[in-house]
Structure formats: structure tokens, C-alpha cells
Amino acid sequence: MSEVSLVVNGRKVSGAVEDRTLLVHFLREHLGLTGTHVGCDTSQCGACVVHVDGKAMKSCTMLAAQASGSTVTTIEGLANGADLHPVQAAFKEHHGLQCGFCTPGMIMTATDMIRRHPEGLDEATVRAELEGNICRCTGYHNIVKAILAASKTMSKASKSKAKKAA
Amino acid sequence: MYSVNYHRATSVVDAVKKIKTGDAKYLSGGMTLIPAMKTRLAAPSDLVDLNHIADLKGIKVSGKTVTIGAATTHFDVANDEKLMKVCPALCALASHIGDPAVRHRGTIGGSVANNDPAADYPSALLALGATIVTNKRQLAADKFFKGLFETALKDDEIVTAVTFSAPAKAGYAKFPNPASRYAMTGVFVTKGKEGVRAAVTGAGDDGVFRSKEVEAALTKKFEASALEGVSVPSKNLMADLHASPEYRANLVVVMAKRAVMAANA
Ligand SMILES: Cc1cc2nc3c(=O)[nH]c(=O)nc-3n(C[C@H](O)[C@H](O)[C@H](O)COP(=O)(O)OP(=O)(O)OC[C@H]3O[C@@H](n4cnc5c(N)ncnc54)[C@H](O)[C@@H]3O)c2cc1C
Ligand code: FES
Ligand code: FES
């Protein structure tokens with residue numbers, strides 16, 4: 001057993017877990033954060049993507065013990081109260097989901113992608129960056145549209161913030 | 001996953017001490033080892049996590065000499081500005097390993113220690129004539145990679161870094177397997193002081209190897225046109241449900257052409 005402690009969605013959490021506990025199981029079963037999904041056994045589908053210390057990672061391919069001491073953001077930590085995060089809003093607006101199973105991972109991958117490309121995104125980049133996220137329903141088209149739209153809204157928002165600050 | 005005990009190493013010395021517990025294994029990015037443990041293909045009794053050893057992380061470039069710490073992630077190799085100036089081909093290679101989440105955790109040390117016959121880095125290190133540095137010794141890439149998932153590493157030996165002298169020209173091209181993105185065939189070519197080297201991954205049935213035919217043609221002229229009409233024997237190439245040895249033999253030449261074009265660009 002290991003004593004793990006981490007910050008999840010801004011909240012300090014800790015617990016004693018078996019060393020083999022995957023981060024995704026710690027999130028889902030110990031913390032009840034079931035927004036993060038498990039879609040495969042092979043680390044390929046991306047349904048489990050969360051941010052660990054600010055970077056997108058597959059929570060099914062990491063032990064909770066490895067994550068101890070880290071800061072984790074899950075899909076539950078994105079919205080600001082009742083206000084959806086711009087990426088969530090764009091998925092809704094552009095019908096970027098059907099069954100919704102892949103959506104939490106898609107959105108966590110998308111927010112990470114947008115953060116790493118403050119200069120903006122194009123379709124080819126978005127498709128290449130979605131390499132590790134599989135969707136069985138949408139055919140990706142509307143997911144790509146939603147991410148491109150969110151990237152635009154977010155860069156506008158950060159520019160106007162910068163203007164205000166100046 | 002079977003039960004396992006997790007240990008966090010604070011230094012290389014500490015890791016070597018901890019690896020002596022039971023049937024322990026080193027854990028770096030975990031992008032190969034953890035999936036293998038989940039499917040019970042690997043079942044170590046203990047894991048010694050190398051991620052918190054500061055000495056194993058980071059990239060140093062001094063003149064043409066490049067040293068990359070074993071626990072440096074694919075993401076950090078892909079985006080390192082100093083490395084980009086002296087060997088952009090290695091940054092490009094790292095930027096096409098798996099997907100963004102895999103690149104945020106997977107490490108160069110884990111990749112070379114694992115020596116997957118379809119992994120990208122082994123071809124680069126062999127073509128760059130790199131040296132693999134461990135806690136015990138320094139090994140030339142030619143001596144380090146031994147076959148399918150086999151290296152010269154002893155059980156408790158840790159890869160601490162890889163180092164090489166950046167060649168005048170280098171390029172990599174891979175034909176990714178459409179499902180896994182691992183190389184169905186990948187070729188890394190270099191032209192430096194010691195001549196031309198071309199290493200092939202994803203194709204050999206004994207792992208990464210240097211192609212004599214490609215090297216001979218490119219030594220005459222380091223241009224894609226030099227590979228026109230060159231053929232590589234399909235004997236000793238891999239056969240699986242994705243491609244026959246003959247198909248891979250052809251891919252070696254096609255990927256070598258693209259790699260040379262990338263190197264000359
Ligand atoms: C979905 C997916 C796609 C992928 N696609 C690609 C791809 O396109 N190309 C590619 O090349 N790879 C690919 N990989 C593999 C990835 O690059 C791994 O990161 C890499 O092979 C192993 O590195 P790691 O740091 O994750 O090692 P780990 O999984 O932690 O370890 C791998 C092995 O090496 C040993 N080890 C680790 N570090 C050391 C060390 N410093 N000294 C001695 N032994 C050590 C471990 O004990 C273990 O046996 C993919 C992986 C996934 C999950
Ligand atoms: S559940 Fe993590 S990649 Fe599929
Ligand atoms: S919406 Fe159903 S898997 Fe993507």
C-alpha cells in the first residue's frame with residue numbers, strides 16, 4: 001500500500017491505495033470522479049486523458065503512486081460553476097459528440113493542444129494531435145470543427161485580456 | 001495487473017540499491033511497461049521509479065556534442081531549441097512517436113532500454129553512431145542493440161544518457177503502422193565526418209540494423225536519386241499481418257529516399 005496525496009481540481013486529496021492502482025481508478029473509484037473514462041486496455045484510445053501538472057496524460061497508463069505530489073485536472077474541473085469551459089461550449093455548439101464516451105478525453109486533449117498552440121491551430125494540426133484519441137461515433141469531423149472554433153475564441157479572449165492589462 | 005510494490009528512487013545510486021528487491025524493474029515513462037503489466041505480459045514484483053532523479057533529465061548541447069538524459073521525455077526532445085539547431089531530425093523523430101499524451105511521459109532511456117523492433121529511437125542512435133551511457137560503462141549503439149527487445153544491458157544496469165556528435169546532415173522517415181503509429185519501416189540517414197550511415201527500424205526480423213545497400217548508394221551521392229534502382233534483400237526482414245518481407249524491402253528504399261530528402265532540405 002502507498003499513501004498518496006495530490007491536488008485534484010483544486011482540492012487536496014489523499015488516500016491509501018494498493019500500489020498497482022492506476023490513476024484513473026483512483027479518480028473514479030476513490031474520488032467518485034467518473035467523468036474520466038476507460039475505453040481500452042492498450043493505452044491507445046485516450047478516453048482517460050487528464051492533465052497532470054498541466055500536461056495531457058493517459059491516466060490509465062500511470063499509477064496513482066506515480067502521480068502522488070502532482071496537480072491533476074479532470075473534466076470535472078474545467079467548467080467555472082455553471083459556465084462551460086470554451087472547449088466544452090464549442091463541443092456542444094458544433095455537435096462534437098454523439099454517445100459522449102470519448103468526449104472527456106477529447107476535451108482534455110483539446111485544451112492541452114490549444115494551450116501548446118497559442119498562435120492558433122489548423123485542421124491538419126488538430127487531426128495529427130488527435131492521434132491518441134479514438135471516437136467510434138462522430139467520424140471526427142465535428143470534433144475538429146469544435147476544437148478549431150474553441151481555439152479561435154480562446155485566443156480572442158486572451159488577446160482582449162492582454163489589451164486590458166496593457 | 002498483478003500486485004506490485006512501488007518505490008521512488010531519489011538518485012541513481014538509490015535506484016541501483018532498490019532494484020535488488022525481489023524481481024524488480026525500472027519504471028521510466030511507463031508507456032511500454034504499464035500496458036504490459038496491465039495485460040500481465042510483464043509481472044515485476046517491484047517497480048523503481050526513475051522519474052524523480054534530476055540527474056537523468058535534460059538535454060545538453062555544447063558545440064556539436066549532444067547529451068540527452070535518459071529520463072528526458074519525447075515531448076522535451078521534440079521541442080528543445082538547442083537540439084533543433086544542431087540535429088533537427090531527432091526533434092522531428094520524437095515529435096512523431098505515438099501521440100501527445102504518450103510523448104508527455106515516454107522517455108528516450110525507456111525506449112532504448114526496451115529496444116522494440118519497431119521503435120523509432122534505436123534507428124536514430126545507430127545511424128548517429130551514438131554512445132549509450134549507463135551507470136557502469138559507455139557502449140556504442142552498434143554494440144548496444146542486440147536483437148528483438150534485447151540490449152547489452154545487465155539486469156540492474158541503468159541507462160543514464162545517450163550522447164552523440166551531431167552530423168552535418170541527418171534525416172528520418174517512417175511509414176507508420178496506421179493503427180499503432182510504430183514504424184512499419186523507418187530509416188534514419190546521416191552524413192558526417194565518418195561517412196554515411198543508414199539504420200532501419202520496423203523491418204528487420206532481428207531488430208534495428210544498418211543497410212549496406214543504402215549506405216553504399218548514398219556514399220556515392222547523398223541524394224534520393226542515388227537510390228534509384230537500388231534493391232535491398234528481403235531475406236531476414238519481418239513478415240507479419242501488416243506487410244511481407246518483400247513489401248518491407250521496398251519500403252526501406254522508399255523511406256531512405258524520403259529521409260535523404262529531409263536531410264538535404
Ligand atoms: C499508444 C502508444 C503509441 C506508441 N507509439 C510509439 C511509436 O510510434 N514509436 C516508438 O518508438 N514508440 C512508441 N511507443 C512507445 C513509447 O515510445 C515508450 O515511451 C517507450 O518505448 C518506452 O519508454 P518509457 O519511458 O515509457 O519506458 P517504460 O515503459 O517505463 O520502460 C520500458 C522498459 O525499459 C526499462 N527501462 C526504462 N528506463 C530505463 C533506464 N533508464 N535504464 C534501464 N532500463 C530502463 C523498463 O524496466 C522497461 O523494461 C508508444 C506507446 C504507446 C502507449
Ligand atoms: S483507457 Fe487510457 S488510453 Fe484507453
Ligand atoms: S462520441 Fe461516441 S465515441 Fe466519440
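Mentor: Start with one term. Two strands count as paired when DSSP finds at least two bridges between them. Keep in mind that this model is predicted.

Trainee: In what order do the 5 strands of the open sheet in chain B stand?

Mentor: The sheet is open, and its pairing is antiparallel. The order of the strands in chain B is E4-E5-E10-E6-E7.

Trainee: Why is one side of strand E4 and of strand E7 of chain B left without a neighbour in the sheet?

Mentor: Strand E4 spans 59-62 and strand E7 spans 138-140 of chain B. Both stand at the edges, so one side of each is left without a neighbour. The reason is that each has a single partner strand.

Trainee: By how many degrees are neighbouring strands of this sheet turned against each other on average?

Mentor: Direction is ignored here.

Trainee: Which residue is the bridge partner of Ser62(B) in E5(B)?

Mentor: E4(B) runs antiparallel to strand E5, residues 65-69 of chain B. A total of 4 bridges join them. For Ser62(B), the partner in E5(B) is Thr65(B).

Trainee: Which residue in the hairpin of E11(B) and E12(B) takes a positive phi?

Mentor: Strands E11 (residues 169-176) and E12 (residues 183-192) of chain B pair in the antiparallel sense over 8 bridges. One bridge links Pro176(B) to Ala183(B) in E12(B). The hairpin has 6 residues between the strands. With phi near 70°, the residue is Arg181(B).

Trainee: With which residue of chain A does Arg181(B) form a salt bridge?

Mentor: The count between chain A and chain B is 2 salt bridges. In the one formed by Arg181(B), the closest N and O atoms are 3.2 Å apart. That is under the 4 Å cut-off. The partner is Glu131(A).

Trainee: Which element gives the largest share of the side of chain A that touches chain B?

Mentor: Across the interface of the two chains, 9 residue pairs are in polar contact. Strand E4 (55-58), helix H2 (64-67) and helix H4 (103-116) of chain A each supply at least two residues of the touching side. The largest share, 4 residues, comes from E4(A).

Trainee: How many charged residues has the side of chain A that touches chain B?

Mentor: By class, this side has 8 nonpolar and 6 polar residues. Its charged residues number 10.

Trainee: What is the area buried between chain A and chain B?

Mentor: The contact takes 24 residues from chain A and 30 residues from chain B. Carbon and sulfur atoms give 58% of the buried area. The area is about 2200 Å².

Conventions:
Residues are numbered from 1 along each chain as its sequence is written. Chains are lettered from A and ligands numbered from 1 in the order in which they are written. This is a predicted model: local features need pLDDT of at least 70, side-chain atom pairs count only at pLDDT 80 or more; totals for chains, interfaces and linings use all residues. Side-chain values use heavy atoms; hydrogens and water are left out. Contact means heavy atoms within 4.5 Å. Buried area is the accessible area (1.4 Å probe) that two parts lose on being put together, summed over both. A salt bridge is a side-chain nitrogen of Lys or Arg within 4 Å of a carboxyl oxygen of Asp or Glu. A polar contact is a pair of N or O atoms within 3.5 Å; within protein, one must be able to donate a hydrogen and the other to accept it, and residues adjacent in sequence count only if both atoms are side-chain atoms. Ala, Val, Leu, Ile, Met, Phe, Trp, Tyr, Cys and Pro count as nonpolar, Asp, Glu, Lys and Arg as charged, and the others, Gly among them, as polar. Axes are lines fitted to C-alpha atoms, for helices over the stretch in contact, and angles run from 0 to 180 degrees between N-to-C directions.
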